[in-house]
Amino acid sequence: MSDIVGEIARVTEAFEKPTLRLLDGKWAAFRVAVFRAAFSRDRRSVPADRLHAQVDTYLSELLREGLDVPPVQNGRALCNTWVNDQWLFRDNDADGALVYSLTSSALEALDLVATLSRDRVLVSESRLTTILDTVRRWALEASPDAQARVDRLNAQIRELEVERDRLANGGEVMLASDDRMLDGYANLIDLIGQLPSDFKRVEESVLDMHRKILRDFREEERPVTDVLDEYLHKQDTLVKDTAEGRAFDGAFVLLRDDDMLLQLRTNVQVLMDHPASAALVASDMAELRGAEAIIRQGTKDVLAQRRRLTATLKEHIVNNDVLHERELDRVLRGINRELAKWMESAGPRATVPVELLPPTMKVGHLRERLWDPASAAPPPPLEDIEDDVPEPPTVEELRMQGGPSLDDLRAALVGALNSGDSETIGDLFHALPDDLRRPVEILGLLHLASRVNALDQVADTEVFEAIRPNGELRHFLVPAVPLTTDEADALARLADLDDPAADLEGEGTTP
């Protein structure tokens with residue numbers, strides 16, 4: 001009888017895991033595309049509001065392109081669904097803000113998609129060599145036969161000595177070919193790409209174990225000391241009890257070894273200096289250079305999760321259980337004191353009625369705010385200030401505070417242009433009466449000059465001495481605009497065009 005029933009059960013269990021559920025269904029491509037666009041190696045977590053807005057934007061762009069999107073959904077609803085499906089993890093960052101991050105299942109699914117979309121050789125010499133070297137190394141450590149281990153070490157030493165002597169005698173250094181290096185790059189990138197999901201799995205394992213411990217603390221009715229001892233024991237053996245914890249311990253040992261990290265950086269730089277690295281794309285180059293950063297960041301996240309949850313458990317133990325136990329201890333001690341006093345006068349069969357629940361305390365409520373007669377008093381009467389009211393300004397004073405007198409300035413410009421008494425607008429301005437030499441009149445003259453394109457001939461500047469309405473003199477540096485007879489005719493025509501009476505007259509003669 002075949003084992004098809006057992007295989008069906010195992011495959012069904014595998015398809016029920018979040019990793020394969022993410023890659024299954026009608027909207028699998030949409031989900032993977034959103035996760036790849038929103039998250040990256042450098043952007044491991046995204047604020048909740050920003051991710052909601054990003055998903056809304058992705059939905060709008062896909063709809064404009066005529067592509068199918070999940071029906072009647074928005075960014076917030078989709079993110080909540082993905083959290084429930086164990087593809088997104090929602091938590092607070094160090095600043096207390098709500099952020100989203102990908103779970104280990106989602107990272108595994110994205111790595112699988114990236115692997116399938118990358119052109120590489122599945123079986124190669126470098127991959128087989130890596131397998132053989134790994135098997136040889138672990139076989140050497142696993143062998144219980146001391147003589148067999150010595151023979152293998154001697155064989156390795158002889159091979160290394162032969163290669164050393166050959167190079168020392170001037171032998172040629174045989175560099176790896178480009179094809180072999182590209183194959184090695186593919187293997188290395190594949191291994192590095194699996195690191196984020198591995199570290200995320202460790203982080204989730206730590207979180208699940210601490211949640212279980214916290215749940216056990218709340219359910220068990222034991223002294224705080226016993227619970228604390230058990231927690232410390234589990235904390236000490238946390239790394240050794242699970243495969244994820246043992247893997248994390250290996251990475252942590254690597255980070256504490258400065259020489260090993262230096263060798264890692266040096267070896268990566270050697271790989272980057274090989275001519276074959278020029279064939280790598282920018283993302284693969286960044287993947288290789290960021291190997292150390294990925295290890296450091298993953299270890300940092302796991303340690304931060306451990307410190308954070310340890311602080312939560314400590315607060316629960318110290319502030320909750322200890323306070324309750326001390327309060328119960330004070331109550332019991334008080335009962336013992338009262339019982340000792342009662343036994344001094346009570347008989348052998350005396351009883352005391354004890355209520356199961358204490359009576360409800362009735363506390364009187366005082367008004368928080370009393371009546372103040374001053375708050376009900378009317379406001380004081382308004383003062384009569386008619387004798388102190390200043391004289392209102394005249395129409396002429398108000399006009400002097402207004403804008404430029406364009407009609408008077410236009411007439412003065414036309415007259416100066418026709419007479420030829422002034423060469424520039426500055427000469428004309430100084431010949432005007434005081435009421436037309438306000439600073440604002442300079443802007444009026446320049447406006448009129450721009451209407452006939454007189455500013456295009458400006459090549460120099462001149463000083464305008466303006467007079468404010470209060471008699472104060474002010475000097476302004478203004479472009480020196482020359483005056484010509486052609487501009488006089490243009491200003492005159494503008495005056496006719498701007499005259500409302502001329503417009504009305506023209507309308508009356510229209511047939």
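Tutor: Ala, Val, Leu, Ile, Met, Phe, Trp, Tyr, Cys and Pro count as nonpolar, Asp, Glu, Lys and Arg as charged, and the others, Gly among them, as polar. The model under discussion is predicted: local features need pLDDT of at least 70, side-chain atom pairs count only at pLDDT 80 or more, and totals for chains, interfaces and linings use all residues. Residues are numbered from 1 along each chain as its sequence is written, and side-chain values use heavy atoms, with hydrogens and water left out.

Student: How are the residues lining the second largest cavity divided by class?

Tutor: The lining has 10 nonpolar, no polar and one charged residues. Its members are Leu413, Leu417, Ile425, Ala449, Val452, Ala454, Val481, Pro482, Leu483, Glu487 and Leu491. Glu counts as charged, so Glu487 is the charged residue of this lining. Helices α18 and α21 (485-498) each supply at least two of the lining residues.

Student: What makes a space a cavity rather than a pocket?

Tutor: On a 1 Å grid over the protein atoms alone, a cavity is a set of points where a 1.4 Å probe fits but cannot get out, whereas a pocket is an open set with protein on both sides within 12 Å along at least five of seven lines; lining residues have an atom within 4 Å of a point. The largest pocket has a volume of about 1,600 Å³. Its lining consists of 48 residues, with Ser40, Arg41, Arg44, Leu107 and Pro196 nearest the centre. By class, this lining comprises 17 nonpolar, 13 polar and 18 charged residues.

Student: Why is α18 called oblique to α20?

Tutor: Helix α18 (residues 406-419) and helix α20 (residues 439-451) pack at an angle of about 60°, and their axes are 10 Å apart. That angle makes α18 oblique to α20, because angles under 35 degrees count as roughly parallel, over 145 as roughly antiparallel, 65 to 115 as roughly perpendicular and the rest as oblique. Leu406, Leu409, Arg410 and Leu413 in α18 are in contact (heavy atoms within 4.5 Å) with Glu441, Gly444, Leu445, His447 and Leu448 in α20. Five nonpolar, two polar and two charged residues make up this contact.

Student: How do you know that α4 and α5 are roughly perpendicular?

Tutor: The axes of helix α4 (residues 48-64) and helix α5 (residues 75-84) cross at roughly 110° and come within 8 Å. The two helices are therefore roughly perpendicular to each other. In their contact, Asp49, Leu51, His52, Val55, Asp56 and Leu59 of α4 meet Gly75, Arg76, Leu78, Cys79 and Trp82 of α5. These residues divide into six nonpolar, two polar and three charged.

Terms used
Axes are lines fitted to C-alpha atoms, for helices over the stretch in contact, and angles run from 0 to 180 degrees between N-to-C directions. Helices (H or I, at least four residues) and strands (E, at least two) are DSSP runs, numbered from the N terminus. Grid points are joined across faces, edges and corners, and a volume is the space filled by probe spheres set on the points.
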